[in-house]
Amino acid sequence: MIVYLGDNVYPRGIPDTGAPGRAEALRRLDAQIDLAREAGVRAIFIPGNHDWARMGADGWNSMLRQQARIDQRGGKLVRLLPRDGCPGPDVVDVGKRLRLIVLDTQWWLHGGPKPVDPTSKCRADKDSEITDSLRADLEATDSSRRVVMVGHHPLASGGEHGGYFGARDYFFPLRHVSRVLGWIPLPGLGAIYPEARASGISSQDIPSGSNRRMREALEGAMLRQRPLVWASGHDHNLQVLAGRTARHLLVSGAGIYGHGSRVVQLSATRFASAAAGYMRLDVLLDGRVRLAVFEVDGEGRTREAYTRWLD
């Protein structure tokens with residue numbers, strides 16, 4: 001099974017029919033769908049903030065367009081979850097040993113239109129309902145299954161979204177907003193941008209109040225029955241960290257070569273790399289779970305950079 005951890009169509013999701021960039025957005029999504037379909041494996045796409053039109057007003061519609069494309073092209077094996085812009089949680093049992101619990105974390109942070117109580121048809125459509133459903137799904141899990149939770153946003157990170165910036169961010173602040181202007185040095189003005197991000201100006205960053213409230217609510221629901229893994233994307237790097245609620249935190253957001261971002265070592269860090277790559281979990285029939293982190297170079301060569309048994 002492949003799980004795409006969000007930002008599937010970077011940078012602004014799928015535009016409406018006739019809009020500039022739509023053909024390229026569909027090409028990027030189709031490449032990922034076709035990879036799974038042609039291999040004959042199950043695949044789950046989960047939404048990221050960029051899939052929600054980069055947190056824009058058209059975000060919900062962008063997600064519905066992505067869902068429609070996946071349904072049209074992916075066949076029975078490829079799906080977007082949660083569906084219809086709902087926050088989840090959705091439960092997917094795989095074999096006899098694994099339970100996936102899938103969330104759309106951007107729903108929590110999205111400031112534009114989204115399905116909410118009392119008009120939506122979602123299983124849960126407000127904070128308390130989501131956490132109650134998550135707690136119930138965790139506690140109802142058979143003891144023979146290992147639980148892996150997937151959501152786009154990390155619970156902890158040593159990357160930019162965790163509030164950690166390097167010299168390049170201070171000297172070239174426009175690289176986050178424009179490829180054309182991105183390498184114009186603005187050292188004085190440049191100090192404002194990372195400091196504002198680190199102070200929590202963006203809901204997409206861990207230091208922000210809204211992000212903290214989301215994480216506290218979700219982690220509170222995990223206290224009684226701790227999942228084995230929380231797997232996320234968002235930061236463009238590879239990280240393995242020890243968790244407080246989920247036992248292991250994975251950040252696997254480096255699926256585009258040459259698009260990696262700086263990462264620092266935290267006290268909880270077990271592995272960190274700014275290289276392109278991906279992660280794999282092998283769930284054995286006896287319930288053991290092996291994690292492998294793969295780095296991929298510009299020629300497509302892959303090496304196993306880190307591995308451990310998860311307990």
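**Salt bridges and their surroundings**

Tutor: Happy to. Let's start with R280 and D282, whose side chains meet in a salt bridge with 3.3 Å from N to O. Please keep in mind that this is a predicted model. R280 has 37% relative accessibility and D282 has 25%. Buried would require under 20% and exposed over 50%, so both residues count as partly exposed.

R99 bridges to D93, with the closest N and O atoms 2.8 Å apart. Here the arginine counts as buried because its relative accessibility is 12%, while D93, at 34%, is partly exposed. In the pair formed by R301 and D297, the closest N and O atoms are also 2.8 Å apart. This time the arginine is exposed, with a relative accessible area of 54%, and D297 is partly exposed at 28%. As background, side chains of opposite charge can pair when their charged atoms come close. A search of the whole structure gives 21 salt bridges.

Some of the charged residues join up beyond simple pairs: D30, D34, R37, R69 and R73 form a linked network of salt bridges. D30 and D34 are also among the buried residues of helix α1, together with A25, L26, L29, Q32, I33 and A36. This helix covers residues 22-39, and its 18 residues reach 26 Å from the first C-alpha to the last, close to the 26 Å expected. Its buried residues pack against strands β1 (2-4), β2 (43-45) and β3 (78-80), and against helix α2 (59-74). Just after α1 comes G40, with a positive phi of about 75 degrees.

Now for the nonpolar surroundings. The largest nonpolar core holds 24 residues, and M279 is one of those with the most contacts inside it, along with V150, V229, V240, L250, L291 and V293. Strands that each supply at least two residues of this core include β5 (98-102), β7 (229-232), β8 (238-242) and β12 (289-296). Leaving aside neighbours within four places in sequence, M279 touches L238, Q239, V240, L250, V251, S252, L291, A292 and V293. A second, separate core has 21 residues, including A124, L218, A246 and L249. In soluble globular proteins, nonpolar side chains tend to be buried together.

Notes: Residues are numbered from 1 along each chain as its sequence is written. This is a predicted model: local features need pLDDT of at least 70, side-chain atom pairs count only at pLDDT 80 or more; totals for chains, interfaces and linings use all residues. Side-chain values use heavy atoms; hydrogens and water are left out. A nonpolar core is a set of buried Ala, Val, Leu, Ile, Met, Phe, Trp, Tyr and Cys residues joined through side-chain atoms within 4.5 Å. Buried means under 20% relative accessible area, exposed over 50%, partly exposed in between (1.4 Å probe, protein chains only). Helices (H or I, at least four residues) and strands (E, at least two) are DSSP runs, numbered from the N terminus. Contact means heavy atoms within 4.5 Å. The expected span of a helix is 1.5 Å times one less than its number of residues. A salt bridge is a side-chain nitrogen of Lys or Arg within 4 Å of a carboxyl oxygen of Asp or Glu.
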